[in-house]
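Here are my notes for you, as numbered points to read alongside the model.

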Amino acid sequence: MKMLLKKVHVYLYVISVALTYFLLWPIFYYLSRKPSRYRSMNAVRRAWGFLSSALVGFFFKYEYEQLIDWSKTYVVCPNHTSNLDIAAMCILVNNNCSFMGKEELKDGLVTKLFFKSVDIPVNRDSKMSSYRAFKEAGERLKNGTSLIIFPEGKIDDEYPPKLHEFKNGPFRLAIDLKIPIIPVSSSNTWKMLWDDGTKYGTRPGICKFYVHKPIGTHNLTADDADTLKDEVYNIIQQKIG
């Protein structure tokens with residue numbers, strides 16, 4: 001019975017996301033037509049992420065190592081265990097931002113519009129696609145748009161999930177442009193919804209995130225990318241245990 005209820009809950013969440021998205025679609029579509037409107041698009045997406053999650057009992061709690069000045073530009077690097085991480089990061093980053101994510105999201109029902117406008121798709125199996133994506137990400141960062149990227153590149157296939165090795169891309173980009181990195185640790189979100197929730201179902205609860213203090217990159221060079229990557233990995237690993 002418990003598993004049945006968890007399976008029912010995941011469908012309620014899917015319905016909540018889809019229904020609220022289609023209600024807001026005319027606004028999203030209008031705002032997606034011009035880059036000058038992306039800041040407003042992110043504000044509406046932030047409200048959508050909160051609403052679609054709260055309607056089925058998912059809430060997000062953030063603990064900060066120090067207060068973040070969101071008027072500045074950052075590369076935000078969270079660990080990734082759940083589709084809820086996306087809504088959580090939309091709510092966390094209180095400014096203009098772009099996600100970088102897998103190319104398949106361009107074809108998703110509720111992700112297509114974003115990954116054809118405000119967000120940046122990347123095919124990591126293609127060097128040319130990766131080059132174009134990180135070039136675009138660099139331009140966004142130069143223009144004051146923060147970048148949200150899950151450095152693991154995927155959600156772990158094993159349950160419970162473990163922290164995967166990080167990709168180099170976001171750390172090299174942060175160093176090249178002298179942009180600080182914010183590690184974000186998610187310790188229990190997978191317990192509410194692991195991956196997309198279809199295998200084990202979902203349950204309401206409070207997803208806890210720890211926002212670490214920004215790591216400056218002004219004194220780093222390209223040769224320090226691996227060291228920075230390992231530093232961020234260890235910070236998150238120690239926090240999630």
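**Notes on the predicted model**

1. Let's begin inside. Leaving aside neighbours within four places in sequence, Met89 is in contact with Val76, Pro78, Phe99, Ile148, Phe150, Val184 and Phe209. Please keep in mind throughout that this is a predicted model.

2. Which residues touch the most other members of the largest nonpolar core? They are Phe28, Phe60 and Met89, in a core of 42 residues. Helices α1, α2 (38-54), α3 (84-92) and α4 (112-115) each supply at least two residues of this core, and so do strands β1 (58-64), β3 (97-102), β6 (181-186) and β7 (205-211). Its largest share, seven residues, comes from α3. Apart from this core lies another, of 23 residues, with Cys77, Leu163, Ile179 and Ala225 among them. As background, nonpolar side chains in soluble globular proteins tend to be buried together.

3. Met1, Leu4, Leu5, Val8, Leu12, Ile15, Leu19 and Leu23 make a nonpolar surface patch of about 870 Å². One of these residues, Leu12, is found in helix α1. Leu12 has a relative accessible area of 44%, so it counts as partly exposed.

4. Thr20 also deserves a look. Thr20 lies in helix α1, which covers residues 2-32. Is Thr20 buried or exposed? Its relative accessible area is 7%, which is under the 20% cut-off, so Thr20 is buried. A polar atom of the Thr20 side chain lies 2.6 Å from the backbone oxygen of Ser16, and the side chain of Thr20 also reaches the backbone oxygen of Val17, at 3.2 Å. Not counting residues up to four places away in sequence, Thr20 touches Trp48, Leu51, Ser52 and Leu55.

5. On to charges: the whole structure holds five salt bridges. In one of them, the side chains of Arg45 and Asp119 meet at 2.6 Å, N to O. Because Arg45 lies in helix α2 and Asp119 in the loop between α4 and β4 (120-122), the pair ties together parts that are 74 residues apart in sequence. Both partners are buried: Arg45 has a relative accessible area of 5%, and Asp119 one of 3%.

6. Another salt bridge joins Glu136 and Arg140, whose closest N and O atoms are 2.6 Å apart. These residues are four apart in helix α5 (residues 127-142), so about one helical turn separates them. Glu136 is partly exposed, at 32% relative accessibility, whereas Arg140 is buried, at 14%.

7. Lys154 and Asp157 form a salt bridge too, with 3.1 Å between the closest N and O atoms. Here Lys154 counts as partly exposed, at 33% relative accessibility, and Asp157 as exposed, at 59%.

8. Finally, a few backbone details to check by eye. Where is the cis peptide bond? It joins Tyr159 and Pro160, with omega about 0 degrees; Pro160 is placed in the loop between β5 (146-149) and α6 (169-177). Lys178 has a positive phi, near 55 degrees, and is found in the loop between α6 and β6. Asp195 has a positive phi as well, near 55 degrees, and sits in the loop between α7 (189-192) and β7. Lys178 is partly exposed, with a relative accessible area of 28%, and Asp195 is partly exposed at 30%. For context, most residues other than glycine have a negative phi, and most peptide bonds are trans.

Notes:
Residues numbered from 1 in each chain as written. Predicted model: local features only at pLDDT ≥ 70, side-chain atom pairs only at ≥ 80, totals over all residues. Heavy atoms only, no water. Buried < 20%, exposed > 50% of the residue type's maximum accessible area, 1.4 Å probe, protein only. Polar contact = N/O pair within 3.5 Å; in protein donor to acceptor, adjacent residues only side chain to side chain. Contact = heavy atoms within 4.5 Å. Core = buried A, V, L, I, M, F, W, Y, C linked by side-chain atoms within 4.5 Å. Patch = residues over 30% accessible without salt bridge, like charges linked within 9 Å, V, L, I, M, F, W, Y side chains within 5 Å. Areas by Shrake-Rupley, 256 points an atom, 1.4 Å probe, with all protein chains shown as cover. Salt bridge = Lys/Arg side-chain N within 4 Å of Asp/Glu carboxyl O.
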